[in-house]
Amino acid sequence: MEKNHMRYLGFLLGISAVLFVMAGCGISREYQEKQFLAMDTLISVALSGTEEDVQQIQTIINELENKVSTTNQSSELYQINHRTTDTVMVSDTVAQLLQEELEISETTNGALNPALYPISLAWGFTTENKRVPSEQELAELLPKTDWRQIQLSGNQLTLMNGMELDFGATAKGFASDLCAAYLKEQDVESALLDFGGNVYTIGDNKEGKKWRIGIRDPWDETAQNFAGVLEDTNEAVVTSGNYERYFEQDGIRYHHIMDGTTGMPAQSGLVSVTVISESGVKADGLSTALFVMGLEQGIEYWRQHGGFEVIFITENGEQYYTEGLIGRYEPSSEKKAEVIDR
């Protein structure tokens with residue numbers, strides 16, 4: 001379930017699911033900045049390194065996309081989904097990404113499901129030919145989406161007949177981890193990587209202060225207002241919302257975040273989930289999984305597993321955010337905003 005966020009980078013772009021606000025005075029760094037299209041989104045890079053660093057970031061992202069695109073016929077994932085045998089050998093990159101996603105699938109009981117591609121395809125969210133599949137069609141597809149049937153041993157992958165994978169819920173987060181690792185190896189002190197609203201920050205911002213990230217108000221169609229503002233450094237910040245990719249039919253809105261138990265868009269009572277973690281792939285995958293799980297199960301998951309922070313926004317506009325964000329997150333909504341403790 002690809003998070004095709006609208007895009008904004010405070011000093012570069014226009015609108016987004018997350019918004020970046022440069023803080024006031026302080027030291028000033030010389031930045032390298034670049035925008036380019038990849039992974040079905042506009043990617044923006046700003047860093048205090050060299051032009052070579054920026055180019056290497058683009059190379060890392062392009063190389064990953066060439067492996068995990070579902071639609072590029074030359075990609076490794078496309079070849080996996082169109083295999084002629086149940087067992088195939090995969091690259092180290094695909095094996096690592098799939099392993100990380102399966103670990104999240106295990107702990108969330110399949111709320112994150114890498115095998116939902118047939119369902120997303122049936123709804124047209126991957127082809128833009130959006131439609132509502134029949135109950136019979138979904139019933140025939142669901143048995144092919146049992147993530148527990150995925151067998152990965154080293155680089156050997158075995159899938160049941162008819163099963164197809166999609167890394168849309170984790171690929172951008174994984175890409176941000178790869179890029180951040182490279183930049184840290186190069187001793188880059190300050191960077192902001194915006195993968196269409198899927199964000200990773202390194203160090204302080206251009207003025208030597210923490211990055212200030214505005215979480216989009218889900219009800220603001222102009223995407224100019226915030227539900228709150230978060231201070232962040234050296235972390236990924238990823239938002240999944242039901243307001244970005246959707247279509248309406250017969251007066252009903254259908255969004256792209258699918259519930260793997262029904263094959264239907266998740267109806268969890270949430271409109272937005274933002275996860276903050278040092279791991280981009282974890283933040284990416286959990287933002288989807290917790291959206292599917294809903295507020296109560298999502299809170300319980302955080303209490304049991306920890307290792308990340310989260311902001312939930314419900315359908316009635318209430319906000320719930322974890323205690324680790326006290327002093328870092330300032331809700332701007334006039335409605336209820338409650339801290340979740342352990």
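How many of the residues of strand β17 (residues 309-314) are buried? In this predicted model, 6 of the 6 residues of β17 are buried, and the strand is accordingly described as mostly covered. The side chains of Glu309, Ile311 and Ile313 point one way from β17, whereas those of Val310, Phe312 and Thr314 point the other way. Residues of both sets are buried. In a regular strand, side chains alternate between the two faces of the sheet.

The pairing partners of β17 were examined next. Strand β16 (residues 270-277) pairs with β17 in the antiparallel sense, over 6 bridges. Within this pairing, valine 275 stands opposite valine 310 of β17, and threonine 274 has isoleucine 311 of β17 as its bridge partner. Strand β18 (residues 319-322) is likewise antiparallel to β17, with 3 bridges between the two strands. Here phenylalanine 312 is placed opposite tyrosine 320 in β18. The hairpin of β17 and β18 has 4 residues between the strands, and glycine 317 in this hairpin takes a positive phi near 90°.

These strands belong to an open sheet of 9 strands, ordered β2-β3-β7-β8-β11-β16-β17-β18-β20, in which the pairing is mixed. The edges are formed by β2 (32-38) and β20 (337-340), each of which pairs on one side only. On average, and with direction ignored, neighbouring strands of this sheet are turned by 10° against each other. Strands of a sheet pair through backbone hydrogen bonds, in either the parallel or the antiparallel sense.

Strand β8 (residues 198-202), which contains tyrosine 200, is also part of the 9-stranded sheet. Tyrosine 200 counts as buried because its relative accessibility is 3%, which is under the 20% cut-off. Between tyrosine 200 and aspartate 341 the C-alpha separation is 25 Å, and the two residues are 141 residues apart in sequence.

A further open sheet comprises 3 strands in the order β4-β6-β5, with antiparallel pairing. Its edge strands are β4 (87-89) and β5 (151-153), each pairing on one side only. The pairing of β5 with strand β6 (residues 156-158) is antiparallel and extends over 3 bridges. Glutamine 151 stands opposite threonine 158 of β6.

Several loop residues were also characterised. Aspartate 187 lies in the loop between α6 (171-185) and β7 (191-195). Although aspartate 187 is not a glycine, its phi is positive, at about 60°. With a relative accessibility of 65%, aspartate 187 counts as exposed, because the cut-off for this class is over 50%. Aspartate 250 occupies the loop between β12 (246-249) and β13 (252-255). Its phi is also positive, at about 55°, although aspartate 250 is not a glycine. The relative accessibility of aspartate 250 is 73%, and this residue therefore counts as exposed.

Glutamate 128 is located in the loop between α4 (117-123) and α5 (135-141). Its relative accessible area is 49%, so glutamate 128 is classed as partly exposed, given that exposed residues must be over 50%.

The UniProt annotation, from an unreviewed entry, assigns a "coiled-coil region" to residues 47-74. In the model, this span is 64% helix and 4% strand, and the C-alpha atoms at its ends lie 31 Å apart.

Finally, the second largest pocket was considered. Its volume is about 280 Å³, and 13 residues line it. Of these lining residues, Pro218, Glu221, Tyr243, Tyr246 and Arg253 lie nearest the centre of the pocket. By class, the lining of the second largest pocket consists of 6 nonpolar, 1 polar and 6 charged residues.

Definitions and conventions
Residues numbered from 1 in each chain as written. Predicted model: local features only at pLDDT ≥ 70, side-chain atom pairs only at ≥ 80, totals over all residues. Heavy atoms only, no water. 1 Å grid on protein atoms, 1.4 Å probe; cavity = no way out; pocket = protein on both sides within 12 Å on 5 of 7 lines; lining within 4 Å. Points joined across faces, edges and corners; volume = space filled by probe spheres on them. Nonpolar A, V, L, I, M, F, W, Y, C, P; charged D, E, K, R; others polar. Pairing = 2+ DSSP bridges. UniProt positions renumbered as here; feature names shortened; annotations may be inferred. Buried < 20%, exposed > 50% of the residue type's maximum accessible area, 1.4 Å probe, protein only. Axes fitted to C-alpha atoms, helices over the stretch in contact; angles between N-to-C directions.
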